[in-house]
Amino acid sequence: MTGLKGALIGCGFFAINQMHAWNDVDGAEIVAVCDRDPERLKLVGDQFGVERRYSDAETMFADGGFDFVDIATTVQSHRALVEMAARNKIPAICQKPFAKTLDDAKAMVEACRAAGVALMVHENFRWQTPIQAVRKALDAGAIGTPFWGRFSFRSGYDVFSGQPYLAEGERFIIEDLGIHTLDIARYILGDVSALTARTKRVNPGIKGEDVATILLDHVNGATSVVDVSYATKLSKEPFPETLIELDGSEGTIRLSQGYGLEITNGRGTTVMDVSPKLLSWASRPWHNIQESVYAIEQHWVDQLRRGAEHSTSGADNLKTFALVEAAYDSAARGQTIDVRAML
Ligand code: NAD
Ligand code: 89Y
């Protein structure tokens, strides 16, 4: 079967990972790149040997010649670019955060549904090797029915040097990083009915919140805590690891710093190393994220070829994005938010 041809919009900091991963993916290649910043366009075009280069997405769509688009811009342009893809009947991948508001996100899902094109959000954290290992252990019934969980990301890593815009927005950690942790909580314990959140800004050099503590009521009756911080200075920096604790009717799972997975149940305790692979182009400590970029891109191609729904389809991601909005709303009003009423 011939490979799919893709076009990438947004040649910034994170797109480098996406382009490396596309080189490794079986069944797809990037044939055109687009960025309104000529320096970034040249850098990515030259580094990855892509001849077709555009400063304007409309012109690229008009020229065509590709089967899907990978939108790697920051959130401000997501709605316009996804709707452009839908108008041109081109399946689209959109980076997180999916949209600026839940209403925008719903409109984007509807535009792609009406156009009959696939839409996947690049919500890659659930594709990380350690997270997949936790999902597999649960599916194998290792701890029975989980009734409680904690999904924790606490770090003092300087994310601002690579992504300076993160210091400038009114919103920071929930929208940027907590969005992944909330998605992992949904992936592991299922959809959420209600949410309560508290936030803080500790770092005086940024505008948004850098600490959030979020309590989730899952539809299946489980309770979990999602706690995220970029103001936590530890002797051994854990970036970018998500740590997980799960208690179930028949045992417990602990995913701890250093990618150790411990499962305790009636048969005793097993300890496994669930470290991500260090891909040829990857570098520590980002390799965990980088491997998941490859995994989600391969999933995009495989499901597109089968005509099957993606794990993080636009429709699925509305349920994660609603948690982001609910968290800000809850923190602002000091109230518990009914998440189901938002969807
Ligand atoms: P960036 O600012 O470095 O790059 C964005 C690029 O898009 C810039 O070069 C800009 O010129 C270009 N651009 C913006 N609007 C455009 C438009 N309408 N047409 C053409 N080009 C346009 O940003 P980044 O750090 O690479 O982040 C991009 C996205 O990736 C963000 O949404 C961020 O949250 C996300 N991200 C995801 C992960 C992950 O693990 N999934 C990790 C880091 C960043
Ligand atoms: O932008 C963020 C993301 O999606 O993963 C980590 C990050 O790069 C910084 O928080």
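Biologist: Why is the pair K96 and D176 called a salt bridge?

Modeller: In this predicted model, the closest N and O atoms of K96 and D176 are 3.2 Å apart. The cut-off is 4 Å between a side-chain nitrogen of Lys or Arg and a carboxyl oxygen of Asp or Glu, so K96 and D176 form a salt bridge. Across the interface of domain 1 and domain 2, the rule finds one salt bridge. It also finds four residue pairs in polar contact there.

Biologist: Which elements give two or more residues to the side of domain 1 that touches domain 2?

Modeller: They are α1 (15–24) and α5 (102–115). The largest share of that side, four residues, comes from α1.

Biologist: How do you know that domain 1 and domain 2 are in contact?

Modeller: Contact requires heavy atoms within 4.5 Å, and 15 residues of domain 1 are in contact with 13 residues of domain 2. The two domains bury about 1,200 Å² between them, 66% of it on carbon and sulfur atoms. F13, K96 and L102 supply 43% of the area that domain 1 buries against domain 2, more than any other three residues.

Biologist: What makes up the largest nonpolar core?

Modeller: This core has 95 residues, and F98, I188 and L246 have the most contacts inside it. Helix α7 (residues 173–189) gives the largest share, 10 residues. At least three residues come from each of domain 1 (4–117) and domain 2 (126–285 + 319–342).

Biologist: Which residues does F98 touch?

Modeller: Among them are V75, M108, L119 and F321, not counting residues up to four places away in sequence.

Key:
Residues are numbered from 1 along each chain as its sequence is written. Chains are lettered from A and ligands numbered from 1 in the order in which they are written. This is a predicted model: local features need pLDDT of at least 70, side-chain atom pairs count only at pLDDT 80 or more; totals for chains, interfaces and linings use all residues. Side-chain values use heavy atoms; hydrogens and water are left out. A nonpolar core is a set of buried Ala, Val, Leu, Ile, Met, Phe, Trp, Tyr and Cys residues joined through side-chain atoms within 4.5 Å. Buried means under 20% relative accessible area, exposed over 50%, partly exposed in between (1.4 Å probe, protein chains only). Domain bounds come from an automatic or database domain assignment. Buried area is the accessible area (1.4 Å probe) that two parts lose on being put together, summed over both. A polar contact is a pair of N or O atoms within 3.5 Å; within protein, one must be able to donate a hydrogen and the other to accept it, and residues adjacent in sequence count only if both atoms are side-chain atoms.
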